[in-house]
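Have a look at it first.

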Amino acid sequence: GSKSGWMGLHGIRHLDEAQMVWKVEGPTDMMALMGAIPDALRDRHIVLTNSGGAGEAPKDWQIDQLVGKQVNIIHDNDEPGQKGATVWCNSLAEAGILVKNVQLRELLNE
């Protein structure tokens with residue numbers, strides 16, 4: 001069966017040195033955002049997704065890996081995506097991690 005885990009080899013390899021983590025909902029989101037990060041920031045601003053989709057809550061070991069980093073959660077603006085983003089944001093905030101739910105619709109309307 002499937003196991004929980006991170007997806008995004010570049011992000012996994014640079015997780016220790018990353019300052020900003022962009023946690024997205026799925027692999028296609030991850031690939032799109034990775035292409036938008038300038039080369040000069042690519043090792044400090046990493047993009048990851050979890051293997052279980054929007055409904056999977058973060059595991060303790062994932063939270064531990066994000067301590068000391070700023071984390072932006074970007075999920076779809078549908079009900080499952082935002083429910084999942086809320087779970088991730090609450091779990092990370094409870095661990096003292098600076099986290100923000102970035103909703104793309106908000107960015108488009110600014």
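Start with Asn101, which touches Ile73, Gln82, Ala85 and Cys89, leaving out residues up to four places away in sequence; touching, or contact, means heavy atoms within 4.5 Å. Asn101 sits in strand E5 (residues 98–101). Its side chain also makes a polar contact of 2.8 Å with the side chain of Gln82 (a pair of N or O atoms within 3.5 Å, where one must be able to donate a hydrogen and the other to accept it; residues adjacent in sequence count only if both atoms are side-chain atoms).

A quick note: this is a predicted model, where local features need pLDDT of at least 70 and side-chain atom pairs count only at pLDDT 80 or more, while totals for chains, interfaces and linings use all residues. Residues are numbered from 1 along each chain as its sequence is written, and side-chain values use heavy atoms, without hydrogens and water.

Now for the inside. The largest nonpolar core has 15 residues, and Leu15, Val21, Leu66, Val71, Ile73 and Leu92 touch the most other members. Such a core is a set of buried Ala, Val, Leu, Ile, Met, Phe, Trp, Tyr and Cys residues joined through side-chain atoms within 4.5 Å, and buried means under 20% relative accessible area (1.4 Å probe, protein chains only).

H4 gives the largest share, four residues. A second, separate core of nine residues includes Met20, Leu33, Ile37 and Val102.

Methods. Buried means under 20% relative accessible area, exposed over 50%, partly exposed in between (1.4 Å probe, protein chains only). Helices (H or I, at least four residues) and strands (E, at least two) are DSSP runs, numbered from the N terminus.
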